[in-house]
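Subject: Structure for your review

Hello,

Here is the structure we talked about handing over. My notes on it follow below.

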Amino acid sequence: MKTLITPHKVAQLVFGDDEYLAAGRVTEADIAAAEARYIRPVLGAALHERLLEGAYADFVTNYLAAPIARYTRLMVQSQLDIRTDRCGTTAPKPDGAQPASEEARSRQRRALLTEARTLLRRASRHLADHQEEFPEYDPRCDILNRCSIDGGLVQIR
């Protein structure tokens with residue numbers, strides 16, 4: 001499965017040095033799902049395919065890696081907040097610690113979503129400002145040129 005960034009890169013970009021993340025907790029399938037849901041509707045199919053082939057590596061590194069990592073964490077965070085084993089599903093409770101409250105988890109999700117949207121808009125603006133460098137980019141396919149959510153309001157152009 002091809003993705004624009006690796007699971008290692010996601011862990012490096014969006015999980016802190018003091019956060020333990022077991023190998024394999026973020027997979028290429030998680031990244032591919034985040035790209036399909038959030039990134040491809042902005043890039044369009046043609047540009048996304050070219051990026052998957054390795055084109056425009058600097059653009060991926062400088063503009064897409066950070067929002068992809070945040071969207072991926074947003075999608076997998078609820079799975080990280082619970083444990084499932086032969087006894088069922090539980091919240092992790094390491095010695096001397098308490099699971100985060102629902103309010104704290106909700107704040108974290110909102111912060112991740114806000115950062116990811118902001119960074120993806122930055123990428124979209126770069127594409128619009130440099131269309132000659134990205135012939136596969138079609139601004140009519142960029143969903144952010146037609147619809148966005150600002151301050152909880154859906155904006156349709």
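**The bend in α2**

Helix α2 has a kink of about 45°, centred on Ala 36. Please keep in mind that this is a predicted model. Just after α2 comes Gly 44, with a positive phi of about 90°.

The buried residues of α2 are Asp 30, Ile 31, Ala 34, Glu 35, Tyr 38, Ile 39, Val 42 and Leu 43. These residues pack against α1 (7-14), α3, α4 and α5.

**Overall layout**

The protein has five helices and four strands. Along the sequence they follow the pattern α-α-α-α-β-β-α-β-β. There are 157 residues, of which 32% count as buried. The accessible surface is about 9600 Å², and 51% of that belongs to carbon and sulfur atoms. Of the contacts between residues at least 6 apart in sequence, 67% join residues at least 24 apart.

In soluble globular proteins, nonpolar side chains tend to be buried together. In this model the largest nonpolar core has 34 residues, and Phe 59 and Leu 64 have the most contacts inside it. Each of α1, α2, α3, α4 and α5 supplies at least two residues of this core. The largest share comes from α4, with eleven residues.

What does Phe 59 touch, leaving aside its neighbours within four places in sequence? The list is Leu 43, Leu 51, Leu 64, Ala 123, His 126, Leu 127 and Phe 134. Phe 59 has a relative accessible area of 4%, so it is buried.

**Aromatic pairs**

The structure holds four aromatic pairs. In one of them, the rings of Tyr 56 and Phe 134 have their centres 4.9 Å apart; their planes are at 55°, so this pair is tilted. Tyr 56 is partly exposed, at a relative accessible area of 23%, whereas Phe 134 is buried, at 4%.

Another pair is made by Phe 59 and Tyr 63, whose ring centres are 5.5 Å apart; with the planes at 25°, the pair is stacked. Both residues lie in helix α4, four residues apart, which is about one turn of the helix. Tyr 63 has 18% relative accessibility and therefore counts as buried, the cut-off being under 20%. Ring pairs join Tyr 56, Phe 59, Tyr 63 and Phe 134 into a cluster.

**Arg 70**

Helix α4 also holds Arg 70. Is Arg 70 buried or exposed? Its relative accessible area is 16%, so Arg 70 is buried. Not counting residues up to four places away in sequence, Arg 70 touches Leu 13, Val 14, Leu 112, Glu 115, Ala 116 and Leu 119.

Regards

Note on methods. Residues are numbered from 1 along each chain as its sequence is written. This is a predicted model: local features need pLDDT of at least 70, side-chain atom pairs count only at pLDDT 80 or more; totals for chains, interfaces and linings use all residues. Side-chain values use heavy atoms; hydrogens and water are left out. Rings of Phe, Tyr and Trp (its six-membered ring) pair if their centres lie within 6.5 Å; planes under 30 degrees apart count as stacked, over 60 as edge-to-face and the rest as tilted. Buried means under 20% relative accessible area, exposed over 50%, partly exposed in between (1.4 Å probe, protein chains only). Contact means heavy atoms within 4.5 Å. The bend at a residue is the angle between axes fitted to the seven residues ending there and the seven starting there. A nonpolar core is a set of buried Ala, Val, Leu, Ile, Met, Phe, Trp, Tyr and Cys residues joined through side-chain atoms within 4.5 Å. Accessible areas come from the Shrake-Rupley method with a 1.4 Å probe; for residues, only the protein chains shown count as cover.
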